[in-house]
Every structure is written in C-alpha cells, then in structure tokens.
Amino acid sequence: MSTMSWRRGVEVIPWAVIVIAVVADLVTPADVSTAPLLAAAPVTAAPLSRTRTIVGVGLAAMIVHAFLAAVDHTFGWRLGVANQVTLAAVTVLAVGLHRMMRRREEGALRAQRVAEVAQRAVLPTPPPRIGALEIAASYIAAEDEALIGGDFYAVRDTARGTRAMIGDVRGKGMAAVQAASVMVGAFHSYADYAGDVTELAGWLDRHLEREGERRAGLEQSEGFTTALLIEFDPVSHTVSLLNRGHPAPLLLDPTGRVRPLDPSEEAPPLGMTVLGVVPAPVDRFVFPPGSTLLCVTDGVTEARDPLGRFYQPEHRLSLLTHRRPLGPAHLLRVLAEDVERHSHGRPKDDQGILAITHAREPATP
C-alpha cells in the first residue's frame with residue numbers, strides 16, 4: 001500500500017466513528033445517548049488529519065447528535081445542550097492536541113536533519129569505486145537514536161592496496177559517536193603508513209588507549225571497540241582479514257554462494273590492552289572477480305523477530321540473491337529491507353553495512 005493510499009485510509013476513521021454512532025443510536029432505546037462515541041470522532045482525527053478536517057469532524061458530530069436527539073425527542077439540557085457543549089469543547093481540545101503534536105513532530109524532524117548532518121560529518125560516505133573494487137555502505141539508525149550512534153566504517157586507497165574497516169563502539173549516545181569519530185580519523189591517518197593490517201591494528205589499539213586515558217573514568221576501564229580490518233591485494237586477488245571481536249563477514253562468490261569468513265582464532269576487541277597484548281591472526285581468502293565481501297555490525301546479526309529469533313544473514317542472502325551476484329548497492333538495499341521485515345519495523349540497534357565487490361574485468365573483443 002502506498003503512503004498516499006494509507007493516509008486516505010486513516011483519514012476515513014473519524015467519519016467511520018460517526019457512522020458507527022448513528023447505527024448505535026438507531027438500534028438502542030431513545031434514552032441512550034451516543035454523544036460519548038461522537039466525541040471520540042474529533043479526538044481520533046487529531047493525530048490523523050489537518051486542523052480544518054478536525055473542525056469539520058467536530059461540527060459534523062454536533063449536527064448528527066442534534067439530529068438524533070431531535071428524532072428521539074431527547075434534545076433537552078441534559079441530553080441536548082450539555083452534550084453539544086461537550087462536543088464543542090472536545091473539538092477545541094482535539095485541535096490543540098493536533099497543533100501540539102505538529103510542533104513536536106517538526107522539532108523531531110529538525111533534530112533528525114541536524115543529526116543526519118552530524119552523522120555524515122562523523123561517517124563520510126566511502127568512494128563508490130577504487131580501482132577494481134565497487135563499494136557501497138549504509139548506516140541505519142535504531143528507532144531511538146535519531147540517525148546517530150557508535151557503528152562506523154571507512155575505506156581508503158593506499159600504496160599497499162585498498163584497506164577498509166568496520167566496527168562498533170561499546171555504548172550509545174554522544175560518547176559512542178565521539179569514539180567512532182576518533183576511530184575513523186585514526187584509520188585514515190594510519191592506513192597509509194602501516195606495513196600491514198596487524199601493524200594498523202596495533203596503532204589503532206594504542207590510539208584508543210591514549211584516548212581512554214585522556215577521557216579517564218569508565219571509558220578508560222571498560223571502553224572497547226569491535227573491529228574488522230580488511231586489506232585487498234589486487235595482484236593475488238586475495239583479501240586479508242584481521243578480526244577483533246567483530247561479526248564475521250560474508251563472502252558471496254561469483255556463483256552467488258554465501259559463506260562466512262570466520263577467523264582462525266578469536267581475538268579480543270580493540271581498546272582492551274589492560275588484558276595484555278593478545279596476538280590476532282590475519283586470515284587470507286581468495287577474492288576473485290565477481291565476488292562480494294559483505295561486512296555488517298551486530299545490529300544486523302542480532303536483529304530479532306517477534307518470537308526472539310536472530311536474523312541469519314548467511315541463510316537469508318542465499319535465498320534473496322537466488323544464487324546470482326548482486327551489485328553492492330543493490331545488495332545493501334535487499335539486505336536492509338529483509339532485516340526490516342524480519343524485525344517488523346525499525347531496528348533496536350544501529351546497523352552498519354559495508355559491501356565491497358571485486359568487479360569483473362570487461363570482456364576483450
């Protein structure tokens with residue numbers, strides 16, 4: 001159903017209430033008044049209609065009540081004038097409620113626009129293409145986070161190949177946003193100079209530690225960030241992954257088959273140097289032309305349906321892609337729509353999604 005059709009459908013509700021009131025009055029004894037039901041009509045119109053429609057519904061309710069009371073010969077002070085005054089007062093209150101809701105909605109939209117600008121500043125959109133790699137990314141905010149949160153991603157072209165990162169900062173709110181901004185900035189600073197992803201992870205770890213010391217308090221003792229560091233080798237057609245406590249990415253091969261790229265060993269998230277230096281393995285996988293690497297945050301893997309079942313991207317994507325490769329932007333749309341269907345609405349947690357496709361080489365004539 002389109003938005004216009006839905007809006008027209010809900011605007012009929014107040015008028016339906018009036019019709020129900022008329023039917024109820026006709027099938028009940030004459031001394032039974034349906035004025036309370038008629039009073040509900042302008043109230044139901046308050047969140048659904050414009051001011052003039054609310055006034056029109058209120059006037060219609062008053063006219064209908066006066067007609068029904070006249071037919072039943074009950075239009076007196078108790079069932080006539082008093083009910084008319086009540087209907088008029090309810091209509092005025094409904095108009096006031098409507099205007100208050102409009103002001104709150106406009107304020108929320110302004111805050112959403114400001115948050116969107118801030119989110120774009122913190123989380124720049126990756127370039128759509130670097131060499132043979134096609135790139136798409138999306139950030140879907142939780143329903144209570146106004147487009148801003150602690151999930152992040154970044155892609156950078158370096159002299160040692162294209163490097164990427166996706167991660168999730170512990171916690172919510174502005175502190176998480178600030179930490180995510182620090183991680184994205186540090187990645188862009190260090191990705192050019194690190195010899196490999198192991199060295200890059202070490203620099204990010206130390207940067208996060210220094211940032212925690214600067215802030216002190218809870219963030220120093222308990223702050224951590226899950227992260228997946230990625231490096232593409234255009235010569236060997238391989239991808240190197242260093243996973244620090246993040247959900248494993250999915251590889252969609254040229255035939256559309258989906259498989260997770262699990263780390264050979266588990267490693268703790270970044271920012272937990274209090275536990276000591278724990279080596280994290282670098283796993284290499286073949287990444288031929290036509291393949292797509294799909295990376296998500298736990299807002300996707302932990303999305304639940306009404307029965308509490310987690311979303312399973314590996315299984316779902318095998319069905320959604322019909323065993324055929326999709327472009328990264330198309331893949332992101334398909335995945336986001338399916339997660340929304342699974343969770344029956346907006347997510348309870350932020351969702352960061354990054355898709356990188358090794359484009360097929362054009363056929364030679």
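The chain exposes about 19000 Å², of which carbon and sulfur atoms supply 60%; areas come from the Shrake-Rupley method with a 1.4 Å probe, and for residues only the protein chains shown count as cover. This is a predicted model, in which local features need pLDDT of at least 70 and side-chain atom pairs count only at pLDDT 80 or more, while totals for chains, interfaces and linings use all residues. Residues are numbered from 1 along each chain as its sequence is written, and side-chain values use heavy atoms, with hydrogens and water left out.

Of the 365 residues, 45% count as buried, where buried means under 20% relative accessible area, exposed over 50% and partly exposed in between (1.4 Å probe, protein chains only). The chain holds 11 helices and 11 strands, taken as DSSP runs numbered from the N terminus (H or I and at least four residues for helices, E and at least two for strands). Among the contacts with a separation of 6 or more, 71% come from residues 24 or more positions apart; contact here means heavy atoms within 4.5 Å.

In soluble globular proteins, nonpolar side chains tend to be buried together. Beyond its neighbours within four places in sequence, Leu204 is in contact with Met165, Met183, Ala186, Phe187, Tyr190, Leu229 and Leu270.

A search of the whole structure finds two aromatic pairs. In one of them, the rings of Phe232 and Phe287 have centres 5.4 Å apart and planes at 45 degrees, so the pair is tilted. The rule pairs rings of Phe, Tyr and Trp (its six-membered ring) with centres within 6.5 Å, and calls planes under 30 degrees apart stacked, over 60 edge-to-face and the rest tilted. Because Phe232 lies in strand β5 (residues 225-233) and Phe287 in the loop between β9 and β10 (292-296), the pair ties together parts that are 55 residues apart in sequence. Both Phe232 and Phe287 are buried.

Charged side chains form eight salt bridges, each a side-chain nitrogen of Lys or Arg within 4 Å of a carboxyl oxygen of Asp or Glu. One of them joins Arg341 to Asp338 (3.1 Å, N to O); these residues lie three apart in helix α11 (residues 328-343), about one turn of the helix. Salt bridges that share partners join Arg316, Asp338 and Arg341 into one network. Asp338 is buried, with a relative accessible area of 3%. Another bridge links Asp253 and Arg257 at 3.2 Å, N to O; Asp253 is buried at 14%, whereas Arg257 is partly exposed at 41%. Glu134 and Arg129 also meet in a salt bridge (3.0 Å, N to O), with Glu134 partly exposed at 25% and Arg129 partly exposed at 44%.

Finally, Ser264 sits in the loop between β8 (258-260) and β9 (283-286) and is exposed, with a relative accessible area of 52%. Apart from neighbours within four places in sequence, Ser264 is in contact with Pro281 and Asp283. A polar contact of 2.7 Å joins the side chains of Ser264 and Asp283; the term covers N or O atoms within 3.5 Å, and within protein one must be able to donate a hydrogen and the other to accept it, with residues adjacent in sequence counting only if both atoms are side-chain atoms.
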